[in-house]
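Work through the exercises below with the sequence and the model open. Try each task before reading its solution.

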Amino acid sequence: MHSQPPSFSEPGYSTILTGAWPEINDGPTFNLDYEDIPTFTQDNLFSSAHRSGWTTAVSGYYWFEKLIPQSDIDLSFYTPGEDSAADIEVMKAAMPWLQNDEAQLVLIHIDQVDYAGHHEGGPQSSNWDAAATRADTMLTEVVSAMDLSKDTLVVFSDHGQIDAGGHGGQDSDCLLEPFVIVGAGVNPGQYPDIQMVDLAPTLSALLGINLPASTQGEVKTDMLTLPEDVLIALPAATSDQQLGLLSAYASAIGKETTSLKLLKSNSVADTQSVINELRSQKLFGERVIRAIPTGILLAVAITLLLRQRKNKSFSWVLGGILFVALFNLRYLFLDRKVYSLSSIISQTDLIVYIATT
Ligand SMILES: [Zn+2]
């Protein structure tokens, strides 16, 4: 499974549960303190399941308590702990839910592998391997409490980590996650890569509930053996949801009139490409407006410098200004990149980019 930056956990949890990328899902852009974490304003897997009358349950790190509307969670256990001792408590709370079939949608959040990455030497250390082995043992316990002819198990994470330990940026190791699905409703096999936004709609189809309203992903029907009525209803449900999202997005950025003209079909791919196009148009317009006062300021600065022409450092300053102007001309107008980590593929990429400019 692949995700998009930022690869911090709060954006990752938000993407997984809303099925929308961080720019649209309205979740935190980076990890906020517990007291500052906002509750989802967008639809999500748990709210959708709860609306359909399913009993929902979450056991894990206490950030979930803030992110998911708690009125949509029936059973819960949250902890501020992230280590192996915290995971033992998380399992203790969740196992009875599975053993007694108390809920239909259960999230169990095992955190100690991430903890080992941050605090015990990173993914290359033996502590990481030990934490992963303990997490595997917990997974075995989870499976033993399930009946995979009736239940479905999904194992995934919200990010990877760099070798030195940590995540949050655009590093390829941080944006690659495991995704395993097994049990009832699953067509066993190896499948092409999926995107993190596909998780929520795919699980929604499996649960027979509404697609989360803001999802940008698609139901991975090839992985599933869905009931006939769900398969029949899915194309119309997908196209309704995508059109609803496009219209809400277009109206939020003041582009209602152009949105439908660009749409070739109601498929997820076409709708998402129109959303991307509208976004580019909006950003380009805003940048042009910002460029005018910036240009005036630059002209004033150059005029002042020209008056200082006899000063020795003049040619160096002029060279520097010329480089900055050329760099931004290429970066912003020729390559239409954004001023954020999202436009930087890697350190090397940025260095080569600067050098070749
Ligand atoms: Zn982490």
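**Exercise 1.** How many of the six residues of strand 1 (residues 56–61) are buried?

Before the solution, two notes on the source. This is a predicted model, in which local features need pLDDT of at least 70 and side-chain atom pairs count only at pLDDT 80 or more, while totals for chains, interfaces and linings use all residues. Residues are numbered from 1 along each chain as its sequence is written, and side-chain values use heavy atoms, with hydrogens and water left out.

*Solution.* Step 1: buried means under 20% relative accessible area, exposed over 50%, and partly exposed in between (1.4 Å probe, protein chains only). Step 2: six of the six residues of strand 1 are buried, and the strand is mostly covered. Strands (E, at least two residues) and helices (H or I, at least four) are DSSP runs numbered from the N terminus.

**Exercise 2.** Find the residues that stand opposite Ser 59 in strand 2 and in strand 3.

*Solution.* Step 1: two strands pair if DSSP finds at least two bridges between them. Step 2: strand 1 pairs with strand 2 (residues 75–79) in the parallel sense over five bridges, and Ser 59 stands opposite Phe 77 there. Step 3: strand 1 and strand 3 (residues 105–108) are also parallel, with four bridges; here Ile 108 is opposite Ser 59.

**Exercise 3.** Identify the protein donors of the zinc ion and classify the site.

*Solution.* Step 1: donors are N, O and S atoms within 2.8 Å of the metal (3.2 Å for Na, K and Ca); water is not among the atoms, so sites may look incomplete. Step 2: two OD atoms of Asp 114, NE2 of His 118 and NE2 of His 167 lie 2.0 to 2.4 Å from the zinc ion. Step 3: four donors count as tetrahedral if all angles lie between 85 and 135 degrees; four count as square planar and six as octahedral if opposite donors are over 155 degrees apart and all others between 65 and 115; anything else is irregular. Step 4: the angles here run from 55 to 149 degrees, and the site is irregular.
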